[in-house]
Amino acid sequence: MMRAVDAVMECLAAEGVDVVFGYPGGANLPTYDAFVDAGIRHVLVRHEAGGGHAAEGYAKASGRVGVVFATSGPGATNIVTPLTDAMMDSVPLVAFTGQVRTDLLGTDGFQEADTFGITMPIVKHSFMIQHPGEIPRAVHEAFHIARTGRPGPVLIDMPTDLTRAEIDYQPVGDVRLPGYQPTTEGNQKQIRLAAKALANARRPVLYAGGGVINANAAAELTELAVSDRLPVTCTLMGLGAFPAPHAQWLGMLGMHGTRTANYAMDEADLIVAVGARFDDRITGKLSEFAPRAKFVHIDVDPAEISKNIPAHIPIVGDAKNILPRLTAEYRAAGPDAERLAGWWERIEGWRAQHPLRYEDSDAEIKPQYMVEALYEATGGDCILASDVGQHQMWSAQYFHFAKPRRWINSGGLGTMGFGLPAAMGAAVACPDETTCLITGDASVQMNSQELATCTENGIPVKVFIMNNGYLGMVRQWQELFWDRRYSHVDMGSWPDFVKLAEAYGATGMRLTDKSTLVADMRKAIETPGPVVVDVRVTREENTYPMIAPGAAARDMVG
Amino acid sequence: MGEPGTKELLTLEELEASSGVRTGRKHILSILVENKPGVLTRIAGLFARRGFNIDTLAVGPTDDERLSRITLTLDGAMHPIDQVTKQLHKLVNVIKIRDLEPADTVARELALFKVTADGGARGEVMQIVEIFRGKIIDVTRRSVIIEVTGTWEKVEAFERMVRPFGLVEMARTGEIAISRGRGET
C-alpha cells in the first residue's frame, strides 16, 4: 500500500520523466509532499503559465512529453493558455492539477474551479479522478495519449483527498483504450498513387508542417525531396524539417513567407502536404489558394484531411512511416528529372527577383539585421526560441534552421509571453546546447518573472530583446489597415531591461551600436548564466513581404 | 494503380477530391461512447465549437453497462458529415460511430402532445390519433395528452395535423435508431 501521490511518482519514473515544472498550493500539497522523496527534478517556476510554457519548450526541444503541476482554482486557470497553445501546436504535455476535496466539489469551495470543464475544449483528453485507485492507470493513459497519434495536452484533475488516500499500487503494464487507436501505417495503395502523381507532376511542391517535426521525420522528408529535385517549403511550425539553406529550399510560406514559396504554391500543379493543416495564415484567401494544384495530404490526424482544402490523395498515418515508402515508390515510378527543368527555371527567376530584403542602415540597428547578427554570432548552432509578433516573423525569415527541434515558437495560438519560459524549458531539456531567445519588449514582459527561475536554477538562457518600444505587429497593422491611427501600441520606455535583469540576478546588457553587434552578442552568449540583452532597433519597421489578411498569395505586398 | 515501377500513366487531371462534400440529406449518427463523466459535454462542446448544429439528440444505456449510445441527427446540407464524424472520432471516449443509411435503419421517436380538445373537436382529434396509431394517455375536460411514436417525419406530420386544434405543448425525445439485419449497429 502507498499513497496515490507516491504512485504518481512511480508512474512518472516508469514513463522516464526526469524533470517537471510546477507550482505548489493548497490542493496539491500531498503531491508536493511526494516530491520530497521522489527523486524527480522539479523546477519551481514563478507563475503556472510559465510552468506550462516551460513544459512546452521542453517537449518541443526534446520530443518528449512535457509535464506541469499546478494547484486547483487559480493555479489551474493559469495553465489554460499553455494548454490551448499546446493543443494548437500539437505539443505532448501532461498537466496535473490539484482539486478541492471531493466533499467540497460543487460547493464553490476555496480555490475551487471547474478545471475539467474549463479545459475540456483545449485538451486532447482529460481525466477527472473519482477513485484513488484509478490514478496510476490515468497517468499512463495520459502519457500514451499525449505522445501518440497527433500529440497534444492531457490533463489529470486530482481531488486532494483522493491523492493522499492509500492504494494497492500495481505497476500498470499496458494501456488499452478502445476509443483511441491512431492510424500510423499509411495505406499502400494511396502511397503508390501519390508517388505516381508526384512522378507525373511538372510543377510539384513539398509543403511540410510541424507534423514532420513531431513525427521525427525530417530526415525522411529530406530524403524524398533530394531523391529528385523536389522544391520544399515549410510552415512556421515546420522550420527545421528541411535543412535551410539548401538549393531546394524555397523558404517559409504563408503570410510572411517568401514570395518564391508563395508563388510556387500558387502555380504548383501538385502539392504534397505533410503534417500541415492549411491554416489561414498559409492559404490567405482560401478560394484563391493554389488554384491549379491537386493535393496529396499526409497527416496522422484524419480530421485535418479535407478540413480546409479537399484532398485528392489523402494518406492517414505517421509521416515517419509513410515518407520512406513514398520515396521508394517514387523512385520505382521512374520519374523523369528533366520534367522539372522548366519549373526550376521559374523558381530561380522568383528567387533572383524577390529575395528577402530590407533597407539596412549604419545609423541604427535594423530588426532584420539583429536576427542576421545573432545567426552570425551563433553560427546558427543554437536552439532559438521566440515570442510572438514581428520579431518572430523576422526570426523565421532570417535565421536559417538546419535541424528540427531548434526553433521553438508559438504558432497556432500566437501566445505572447511564451518565449522566455519556453526557452527555459528547452534549455533544461538540452543543457549541452546554447539556448537563445529573440523576444520583443512587449512579449517578454508577459512572463519576465521566469528570469528568477532561470537564475535560481542556473538555466543559462540568452535573451535578446528586439526593443522598438512598440507592440510592433499591432502597430504595423494599424499603420497599414487602420489609417495609421495608432491606438495603445506605444509601450514607452520602461522597464529598464538591464536593471530588470540585474534585479533578477541575471546579467544585463544594452546594445545600440550596429558595428559591434555581432561581437557584443557573442560576448553575451559566452557570459555564464542567464543574460538579458536589450537591443535597441529601428522603431517603425514593417515585416515584409506580406499577404494582406484575406488576400490571395499571388498578391503579396512589400 | 498498378504495381510499383510500372510506367502506367496517371495524369493529374484524373484526380478528384472526394471528401468535404455536403450530402444534402438528414443523417442519423449512432455513437457508442464510454460511460464516463463528461462524455456528453465533450460531444456537445465539440458541436458548439465547430459550429455543427444538432437537430435531435438522444442518450441512453446499451446492453453493456460500460457503454452508452448517443443517437443524433443533423442536416447534411449544412455540414460536411465526414468532418463531423472525424472530429467525433478524435474524442477518446467515443468507441464507434455509424452514419446510418436511411434504407437500412429503423428509427423511432417518442413524442407527447397536449392538444386543446373540447366539444366537437375532440372526436376529430381522436380520429387523427387513431390514424397515426397514437394513444390518448390523459384526458381533461378541455384537453388531451397524446403519445405518438414513429419516425421523425411521422411525428412531424402528426404535429401538423393537430396544431390547428390548439397545440398547448409538445415534448419529443429525438430519434433513436438501430440498423436492420443481424449485425450490430
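In chain B, 9 residues of domain 1 are in contact with 7 residues of domain 2. Contact here requires C-beta atoms, placed from the backbone, to lie within 7 Å. This is a predicted model, in which local features need pLDDT of at least 70, side-chain atom pairs count only at pLDDT 80 or more, and totals for chains, interfaces and linings use all residues. Residues are numbered from 1 along each chain as its sequence is written, while chains are lettered from A and ligands numbered from 1 in the order in which they are written.

**Domains of chain B**

Domain 1 of chain B spans 21-103, and domain 2 spans 106-179. The bounds come from an automatic or database domain assignment. Taken over C-alpha atoms, the domain centres are 27 Å apart. Four strands of chain B each supply at least two residues of the side of domain 1 that touches domain 2: E1 (26-34), E2 (56-61), E3 (67-75) and E4 (94-100). E2(B) gives the most, with 3 residues. Strands (E, at least two residues) and helices (H or I, at least four) are DSSP runs, numbered from the N terminus. That side of domain 1 of chain B divides into 4 nonpolar, 4 polar and 1 charged residues. Ala, Val, Leu, Ile, Met, Phe, Trp, Tyr, Cys and Pro count as nonpolar, Asp, Glu, Lys and Arg as charged, and the others, Gly among them, as polar.

**Strand pairing in chain B**

Strands pair if DSSP finds at least two bridges between them. Two pairings involve E7(B), residues 143-150.

| Strand | Partner | Bridges | Direction |
|---|---|---|---|
| E5(B), residues 105-116 | E7(B) | 8 bridges | antiparallel |
| E6(B), residues 135-139 | E7(B) | 4 bridges | antiparallel |

Lys114(B) has Ile145(B) of E7(B) as its bridge partner. Val139(B) stands opposite Val144(B) in E7(B). E6(B) and E7(B) form a hairpin, with 3 residues between them.

**A helix pair in chain A**

Helices H9(A), residues 188-200, and H14(A), residues 319-332, have axes that come within 8 Å and cross at roughly 50 degrees. Axes are lines fitted to C-alpha atoms, for helices over the stretch in contact, and angles run from 0 to 180 degrees between N-to-C directions. H9(A) and H14(A) are therefore oblique to each other. Angles under 35 degrees count as roughly parallel, over 145 as roughly antiparallel, 65 to 115 as roughly perpendicular and the rest as oblique. H9(A) passes H14(A) in a right-handed crossing, meaning that the near helix is turned clockwise from the far one by less than a right angle. On H9(A), the contact residues include Ile191(A), Arg192(A) and Leu198(A). Those on H14(A) include Arg325(A), Glu329(A) and Tyr330(A). The contact divides into 8 nonpolar, no polar and 3 charged residues.

How values were computed:
Two residues are in contact if their C-beta atoms, placed from the backbone, lie within 7 Å.
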